[in-house]
Amino acid sequence: MVNLKRGSGGIAVPEKKELSSSAKIVDAGLPNELVLFLSQHTGAPASALVKAGDSVKRGQLVASTQGAVSAAVHAPTSGKVKAVEDRYHPVQGRLCQAIVLEPDGLNELDESVRPRASAVEDITKEDLVALAREIGLVGLGGAAFPTAVKLTPPPNKPIDTYLLNGIECEPYLTADDRIMVEEPHDVVFGFRALMKSAGVKRGIVCIEDNKPEAIEAMREAIKPFGELELAVVPTRYPRGGEKQLIQVVLGREVPPPPGLPLDVGVIVSNVGTAYAMAQAVQKGLPLVERIVTVTGEGVKTPCNFRSLIGTPVSYLIELAGGFSGPVGKVIMGGPMMGVSLKDLNAPIVKGTSGLVVLQRGQIKREKVLPCIKCGRCVEACPMGLLPVWIAACSDSGYLEDAEKYRAMDCIECGCCAYECPSKRPLVQSIKLAKNRITAKRRALAAKK
Amino acid sequence: MGEKLIVTPSPHIKSPRTVKGVMLGVVISLLPACVGAVVLFGMNALLILITSVVSAVVAEALWQRATKQEITVGDFSAVITGLLLAMTLPPGVPLYVPAVGSVFAIVIAKQIFGGLGSNFVNPALAGRAFVLAAWPMSVAGAWLNPLTHDAVSSPTPLAVLKGGGTNIPGLWDLLIGNRTGSLGETSIILLLLGGLFLLVTKIIDWRTPVGFLGTLFVGTWIFGKPGALFQGDGLSAILLGGAVLGAFFMATDYVTSPVTPKGRLIFGIGAGLVTLLIRLWGGYPEGVTYGILFMNLMTPIIDRFVVPKYYGYEHDARARKSAEGKR
């Protein structure tokens, strides 16, 4: 067991995991339509290789990477391309180009989908990196950063530790929990493949102590492998953020933006990512499906689905028994950092770990009151920032001061706004400052 | 699925804690000591408490109405101001003193600067400082004997100490409040009960009262006895006067104290120091009011310079240094 270090800030939130934590993963099946956005990841959008009328097979490459930081997109099932058109992107909140696929129900495999190796030892480091890029693997914890980029750090940044993130600190979500409980050996297989591809010798599986079943399953699964350790982290939001995880497990702090974990010799990947990597090595299956928790008081039977990327939100909610009453919000992701949807025809994307449905009665419209400077946001901030001042500077337009208070370091975890007794929209104020500071920096750079 | 969906930015869940809830918690924490005051000093104390609270609430409502603002007396903050002001007054004070003091506290110290959240000094203490200047004889002299409720002309135990005397009540009397003094400051046990409630419910930070009382205790112990070091009576310094009331209920006022934990410790220590200076070497027997008011004024400076340890910067400095070394 790894000795933990001191973490900073964070809050205790109602976990609500029990709604779906014992629901076995079930296949969500085929919807009538799949919508595959070309931009489901951090970086440049992929570029479409198919056009309306084309037939595709499960696992076939339908959009290829553009540039170094990008991720390929594959057809999740066989069928016909209905259109390549703009659709409403649930996460980006605007129209984005998407490939719309009509499944034919046959689910024929593309010939590119073939097993690569049955053991991590049987495949080379270079082949693993190439495979991660080929299958369009991105971080499945939510940020959707292309994994292949992480696996190839610059030579002057040696990596000594790979953390497998099974923290899942967002309330309600249980996708990571279930995959560790049900497929611990595949998760470990994928983790070892990721470690090999990055050339890292030490791996630590990190799980919050509110998942005893997953802890036991993973403890058993890592036993044969001396290079793997287990870290059981006390439950506290947002310990699953990679910066927070690195701090509490290794006692290191990632430098401020544009600092990355690799600057302190660490790579962090989600357990879902490791599982997808295992599927790619063992079966050759690209990233065309993922585990999605559909939960919340607002659905009748909270479930964990193995769902094809591009499945409409409405389809998954129906599959979970539909709404349990008047619906308030449908959140893509967790309730702390997720996006509340305005259109349920939107599809899930690679980074969608769950859908949380809240009943109308759970949503309180609370009046925003003046800040009373209670300092709760300061104690809650896991980045050690002063949300109270950043937001005040942002609200009154003092961008330079907001920048001095390190607005750009904010990870938008929502702890400050959760804690605020005056119900002030602190995250929004800080995000606004960040956007305006970024715009200003761009304008300055353009002048030069 | 034609349902209308609510769309807002994240986070989509919020803590149940509200401003009103916090303020109500403070009111509840003050009630035991208020009841104690009425038991000790009788109807006078009750009338002063009521006058002060009603005056504060009415003043806030009228001012907000006159200036066409939303009336926010329902948030209980004016109730707290009224209660705290009353608790700092002698039990024999005429009723116009709390009435005028509350109006000053609410209108001049709080509303003129923008109301809740924008005032820079503790309104109750500003009100007390005002009435102390306006009616020095009644505010610093209208003491009553606990339980018998007779007017007494003898000075408070703190003033006795100040005059070099040693004839002060015993420890038990000090703890239950059997001494002359301001009506809400004497019942130490009941005040500590309220303070404990605020600590347990995480409404206040322990750093402020601990810094305040600790500084007062240690400082008095070291310098309290003229001509001899380390022989002062630190415990009496805490139990006499308004130190406990001030440390738990006034120095901890959110709006007028720093936002960082470290800042609050500095605030507490600073308020304790100023109180100590006034008590030992100043002209007044008591210094809690000015100790806290002084630190209220220091709060913007503390907030400017005392910042938390930002995540990622220590490493950054080291990394930069090593990178520069390599160049």
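Start in chain A: the buried residues of H13(A) (buried: under 20% relative accessible area with a 1.4 Å probe, protein chains only) pack against helix H9 (376–380), helix H10 (387–395), helix H11 (399–404) and helix H12 (415–419). This is a predicted model, where local features need pLDDT of at least 70 and side-chain atom pairs count only at pLDDT 80 or more, while totals for chains, interfaces and linings use all residues. Residues are numbered from 1 along each chain as its sequence is written, and chains are lettered from A in the order in which they are written.

Now select residues 426–447 of chain A, the 22 residues of H13(A). Colour Leu426(A), Val427(A), Ser429(A), Ile430(A), Ala433(A), Lys434(A) and Ile437(A), its buried residues. They lie on the same side of H13(A), because they cover an arc of only 160 degrees around the axis (the arc of the directions from the helix axis to the C-beta atoms). Turn to the face away from that side to find Asn435(A), Arg442(A), Ala446(A) and Lys447(A), which are exposed (over 50%).

Next, move to chain B and select Met23(B), Ile80(B), Phe249(B), Asp253(B) and Tyr254(B), the closest to the centre of the largest cavity among its 24 lining residues. (On a 1 Å grid over the protein atoms alone, a cavity is a set of points where a 1.4 Å probe fits but cannot get out; lining residues have an atom within 4 Å of a point.) About 320 Å³ of space lies there, and H3(B) gives the most to the lining, four residues.

Select Leu140(A), Gly272(A), Tyr275(A), Glu289(A) and Arg290(A), which lie nearest its centre.

Key:
Side-chain values use heavy atoms; hydrogens and water are left out. Helices (H or I, at least four residues) and strands (E, at least two) are DSSP runs, numbered from the N terminus. The expected span of a helix is 1.5 Å times one less than its number of residues. Contact means heavy atoms within 4.5 Å. On a 1 Å grid over the protein atoms alone, a cavity is a set of points where a 1.4 Å probe fits but cannot get out, and a pocket is an open set with protein on both sides within 12 Å along at least five of seven lines; lining residues have an atom within 4 Å of a point. Grid points are joined across faces, edges and corners, and a volume is the space filled by probe spheres set on the points.
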